[in-house]
Amino acid sequence: MSLSESVFTIVEENNCPFYQAGDQFVLYGNALLATHKGGQEFVTTAVVVLPQNKQTCRLLVSDLTRVLIEFEKIDNIPHSTYPCSGCIGMVTLSYGVREARRTGSGGKNQTGNIRKLAQLLHGFSVFNKLSEENVFHLASLLQLEKYPRSAVIIKKGEPGRNLFIIAAGQVEVLDEFGNRISKLGKGEIFGEMSLLSGEAVGANIRTLTPVSVLTIGNRDFRRSLQQHPTLQMYFAQLLAQRLAQANMDRTQDYTSGMSGRLSEMPPAELFQTLHSNQKTGVLTLIFQNGSAAMSFRDGGLLKAEFKDLRGKEAFSAVFKESRGRFKFVPGLPPEDEKLPEIGYFMQLLLDGVRQIDEEK
């Protein structure tokens with residue numbers, strides 16, 4: 001037998017030790033007043049599904065169960081906000097049913113809002129191949145969230161919890177050093193890679209403008225994929241396209257030059273590689289505390305800049321860096337082509353290595 005299902009979303013949070021705004025709790029079941037051996041008692045089938053990877057707050061679970069007992073059935077719970085009983089902090093939850101089942105003016109308004117949202121989704125490529133009925137069903141599962149400019153929506157390394165659909169505004173995709181990888185705008189999605197692969201989030205997402213996003217939780221996302229083969233096929237194709245693009249970008253990097261992490265190729269090894277292979281081009285290094293740029297001609301060092309340092313001092317300072325990314329691009333700008341070498345390269349290399357050894 002299928003049970004009614006509802007969602008409570010935290011809309012306000014004040015020093016709660018377990019949860020934050022946007023976390024969702026799914027409530028199933030019924031609570032009936034039954035007669036038993038001349039007396040009466042409540043029989044409840046309440047099940048509360050907590051947000052993924054969050055601890056259990058028994059007080060809040062009891063609060064949600066009491067709401068179900070008060071109204072007996074999921075469909076009887078009014079669309080309203082409900083405070084928790086509180087411990088050292090407080091949260092306020094907003095209630096919403098999974099599908100528009102209500103009658104009366106409140107139900108009509110809710111159904112109308114879902115239909116407007118469904119029309120918006122139909123204009124996005126991710127949903128335009130689905131039937132109106134399927135899109136309406138998905139629209140009833142979505143939550144609207146708003147973020148100000150420069151807000152971080154998801155962080156690299158976190159577990160994937162939601163799929164995000166940009167309804168308005170722009171976000172940027174950043175690597176761990178804050179470098180922009182790409183920009184996303186209205187109708188585009190993010191967060192799906194970690195949901196599909198089960199891996200941690202692969203990049204930081206930060207708002208470029210005030211942004212409105214529609215979100216669907218991991219559990220509902222996977223259920224929707226099972227229910228809608230068209231949607232499942234779309235995301236499978238999207239995943240394949242993004243992986244192919246990542247491989248193409250990586251191939252272009254290696255074709256045009258070389259790139260990687262300093263944890264895999266430290267500065268001394270990187271410089272020696274460029275020198276021994278007589279490379280000509282510009283090396284860019286990105287660190288957490290700044291960036292460096294160096295020009296090479298036939299393996300010789302022509303220019304080095306790091307923060308406010310120049311020449312030999314900048315070259316030696318980079319040896320101290322062990323975390324960061326690098327990229328070498330063949331070819332020199334016209335202003336660097338005729339520069340003399342800073343010094344004998346192997347002596348520069350030995351001086352840099354000796355400086356690190358002395359500091360250790």
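Which residues touch the most other members of the largest nonpolar core? In this predicted model, local features need pLDDT of at least 70 and side-chain atom pairs count only at pLDDT 80 or more, while totals for chains, interfaces and linings use all residues. Residues are numbered from 1 along each chain as its sequence is written, and side-chain values use heavy atoms, with hydrogens and water left out.

**Nonpolar cores.** The largest core holds 26 residues, and those touching the most other members are L121, F127, I165, L231 and F235. A nonpolar core is here a set of buried Ala, Val, Leu, Ile, Met, Phe, Trp, Tyr and Cys residues joined through side-chain atoms within 4.5 Å, where buried means under 20% relative accessible area, exposed over 50% and partly exposed in between (1.4 Å probe, protein chains only). At least two residues of this core come from each of α2 (104-122), α3 (132-139), β10 (162-168), β15 (211-217), α5 (218-227) and α6 (229-256); helices (H or I, at least four residues) and strands (E, at least two) are DSSP runs numbered from the N terminus. Once neighbours within four places in sequence are set aside, L121 is in contact (heavy atoms within 4.5 Å) with F127, V135, A139, L142, I165 and L214. Another core, of 25 residues, lies apart from the largest one and includes F296, L301, A304 and V318.

**A buried aspartate.** D23 belongs to the loop between β1 (5-14) and β2 (24-28), and with a relative accessible area of 9% it is buried. Its side chain makes a polar contact with the side chain of K54 at 2.5 Å, a polar contact being a pair of N or O atoms within 3.5 Å of which, within protein, one must be able to donate a hydrogen and the other to accept it, and residues adjacent in sequence count only if both atoms are side-chain atoms. Not counting residues up to four places away in sequence, D23 touches F8, T9, I10, P51 and K54.

**Aromatic pairs.** The whole structure contains 10 aromatic pairs; rings of Phe, Tyr and Trp (its six-membered ring) pair if their centres lie within 6.5 Å, with planes under 30 degrees apart counted as stacked, over 60 as edge-to-face and the rest as tilted. Two edge-to-face pairs are listed here.

| Pair | Centre to centre | Angle between planes |
|---|---|---|
| F287 and F306 | 5.4 Å | 70° |
| F315 and F319 | 5.3 Å | 80° |

Because F287 lies in strand β17 (residues 281-287) and F306 in strand β19 (residues 300-306), their pair ties together parts that are 19 residues apart in sequence. Both F287 and F306 are buried. F315 is buried at a relative accessible area of 1%, and F319 is buried at 9%. One aromatic cluster is formed by F271, F296, F315, F319 and F345.
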